[in-house]
Structures are given as C-alpha cells and as structure tokens.
Amino acid sequence: MNHPHHPPHHHPHDHPRRNRLAHLLKPHSHDTADKLDNALESSARGMRALWVSLAVLGTTALVQAVVVAMSGSVALLGDTAHNTADALTAVPLGVAFVLGRRAATRRFTYGYGRAEDLAGLVIVLTIAASAAFAAWTAFDRLLDPRPVQHLPAVAAAALVGFAGNEWVARYRIRVGRALGSAALVADGLHARTDGFTSLAVLLSAGGAALGWHLADPVVGLAITAAIVLVLRDAAREVFRRVLDAVDPALVDRAEHALREVPGVRGVGELRLRWIGHRLRAEVAVVVDGEATVRQAHAIAVDAEHALLHAVPRLTAALVHADPAPVPGEADPHLPLAHHTAA
C-alpha cells in the first residue's frame, strides 16, 4: 500500500528539541535547524546570507583592488581575484534559491530544488578557475620578478581580506548547515580559504620588506595550493550531494523512529535523498497482514509523522505497507521480480 505525503504542513506542536543531531553534511548540531520548518523561510534566509556575503566580500575585494593598483603585488592580486570570484558565486546560488521556491510541475514533478546542486558545481568550477589564475600569475612573477610597492598598504589590505572572508565563511557555513544546503557550505569553505590566502599575502609583504624579492610569487604559489585543498573539500561535498549521498546517521535516526511506531513490525528498504536543501524519504514498513486497508493506512500516516519529527529537513515521505509474512505464503512482490532483476 502506497501512502503519498501531501504538501508539507505545519504541526500544531513543536518538533522535539532533544539532540536534533542535524548531521546534514558533517556531524554537528545547530539549534537554528529546529526553527526552520518552513521551506519559504529557509530559502529567504539563504538569500539573506548570499546578499550579506556579496556586500561584505564585494567591499573587501574593492579595497584590495585599489591596493593592487598601487603596489603591483601579485599575491594580493591573486587574493583579490579569488575574493571577487567568491562574491560572484552568490549569483548562481541566488538563482538556485529563487528556483527552489517554485512549485512542482508535471514536467518537474519534484520541483526545482536540485538547481542548488547545479549551483554547487558552478562554485566548484569557480574555485578551480581561481586556482588556475593564481598559479598563472605566480609563475609569471617568478619568471619576471618585480619589486612590490607600498608594503604597509599591502599588509593592511591582507588583514582586511582575512577579516572579511572569515566572517563570511562562518556565516555561510552556519546558515548552509542549518538549511542543509551543500552549495552554501561549499561557498563558505571557499570564503574560509580566501581568509587564509589573505594571511599568506601578509607573509609575502613581510618577506618583501626583509628584501626577499621572490616572497611575493612564492606566497602566490602557496595560495594556489590552499585553493586546491578547498577545491577538494568543496568538490567532495557537492558531488556527494549530486550522487544522492546522505549522512548514514540520518538513516539510522529514521529507522529508529519507524521502529517505535505502534503497529510497525519491521522496517524494509529505506531511501533518503536531498532535493536542494530539503529531504524526501521512501520506506517500506511491515504491518499485520490481517489489518484492514484503513488500519494499515493509519499506521503509514503515523510512520510518516514520526519521520517528519525525527529527521531534520525532511519535508515529504512515501510509506509503503507490506504485510507480515506467513509461513508457506509466496512473496507478494514476486510478480515484480523480473522487473527488478539486474
């Protein structure tokens, strides 16, 4: 028996607060996840995070660009380019959040939430492009060394870059994990790397002040290495999401909740998948084979209700009720076997 879940609705009582777990991307816990039960509210919060990040990083990149023009620092140029690219990643993410608000259609029956995954891929490509640009400018300066001017201004711009990026990184990662948005978390990791590369620019200014003319391009190469490391982390998060990976702890949590439902004798196949920053579930539960259709349906509703309470960010579930097996009885799914055979 299939029980489709109707459009998400609010429950009159609060979701349980005890250890919400919230292992959405990595094991962690944020109280904000408990309060974001409305899909529209979560998208609005994501958009707010993007606009604030764009303003902060845009200002940071502008300050650094002025100092680049004055000093000719290739390390600061790479950092400025990376900050600019990071600020501009708000554009594809913003488009994804807006699309995610649109209702499902007969063509896009699950809605447009997966646009976030596409935005995540764009972010990964942007990080890769900034790494290539940083590497190219650093190698060019190694082959053609030039003195860096206005070192105090370069050092100050580096500190501005670190402060702006670290603040944005913490904000994006916190909001992204609360919403379950892998793309927003990847963008936060991107900003965090920008902060460390800004500190590296500070080192290059110190080296240049001590008379080491290769300090600037060498630090530029170090920045490239740092960008490659964050590229690996961001790509892993995004590609896992594209391949429908979920934290196994969420599966354990769902199974435990289902087994506690009165009338559920066992839990069969359970599948979870992300659609944007929201989860959907499909599960088969075992019920008394002598139960009426109405009784089995009531158990399925209770099972779905339990899942909605137990799994953070879950907004829809499809519950299939299987009759408990009887000795000597043929598998009721046998007619489907030739369709599912490998």
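1. Phe108 is partly exposed, at 39% relative accessible area. The scale used here: buried is under 20% relative accessible area, exposed is over 50%, and partly exposed lies in between (1.4 Å probe, protein chains only). Tyr112 counts as buried, at 16% relative accessibility. Phe108 and Tyr112 form a tilted aromatic pair, 4.8 Å centre to centre, with 35 degrees between the planes. Rings of Phe, Tyr and Trp (its six-membered ring) pair if their centres lie within 6.5 Å; planes under 30 degrees apart are stacked, over 60 edge-to-face, and the rest tilted.

2. A note on the source. This is a predicted model, in which local features need pLDDT of at least 70 and side-chain atom pairs count only at pLDDT 80 or more, while totals for chains, interfaces and linings use all residues. Residues are numbered from 1 along each chain as its sequence is written, and side-chain values use heavy atoms, with hydrogens and water left out.

3. How many aromatic pairs does a search of the whole structure find? Two. Besides Phe108 and Tyr112, Trp167 and Tyr171 form a tilted pair, 5.3 Å centre to centre and 40 degrees between the planes. Trp167 and Tyr171 are four residues apart in helix H6, so about one helical turn separates them. Trp167 is partly exposed, at 46%. Tyr171 is buried, at 14%.

4. Now the overall make-up. The protein chain has eleven helices and four strands. These are DSSP runs numbered from the N terminus: helices are H or I, at least four residues; strands are E, at least two. Of the 342 residues, 49% count as buried. Among contacts with a separation of 6 or more, 76% are between residues 24 or more positions apart. Contact means heavy atoms within 4.5 Å.

5. Helices H4 (residues 90-100) and H5 (residues 115-143) pack together. Their axes come within 8 Å and cross at roughly 175 degrees. Axes are lines fitted to C-alpha atoms, for helices over the stretch in contact, and angles run from 0 to 180 degrees between N-to-C directions. H4 and H5 are therefore roughly antiparallel; the cut-offs are under 35 degrees for roughly parallel, over 145 for roughly antiparallel, 65 to 115 for roughly perpendicular, and oblique for the rest.

6. Which residues of H4 and H5 meet? From H4 come Pro92, Leu93, Ala96, Phe97 and Leu99. From H5 come Ala115, Glu116, Ala119, Val122 and Ile123. The contact has nine nonpolar residues, no polar and one charged. Here Ala, Val, Leu, Ile, Met, Phe, Trp, Tyr, Cys and Pro are nonpolar, Asp, Glu, Lys and Arg are charged, and the others, Gly among them, are polar.

7. Ala115 lies in H5 and is buried, at 15%. Beyond neighbours within four places in sequence, Ala115 contacts Ala96 and Leu99. Ala115 and Leu99 are 16 residues apart along the chain, with 7.0 Å between their C-alpha atoms.

8. The largest nonpolar core has 42 residues, and Leu50, Leu76, Leu93 and Ile127 have the most contacts inside it. Such a core is a set of buried Ala, Val, Leu, Ile, Met, Phe, Trp, Tyr and Cys residues joined through side-chain atoms within 4.5 Å. Elements giving two or more residues are H2 (39-71), H4, H5, H6 (151-179), H7 (182-209) and H8 (215-242). H6 gives the largest share, nine residues. Another core lies apart, of 27 residues, among them Val267, Val285, Ile299 and Val311.

9. Leu76 touches Gln64, Val67, Val68, Val154, Ala157 and Val201, not counting residues up to four places away in sequence.
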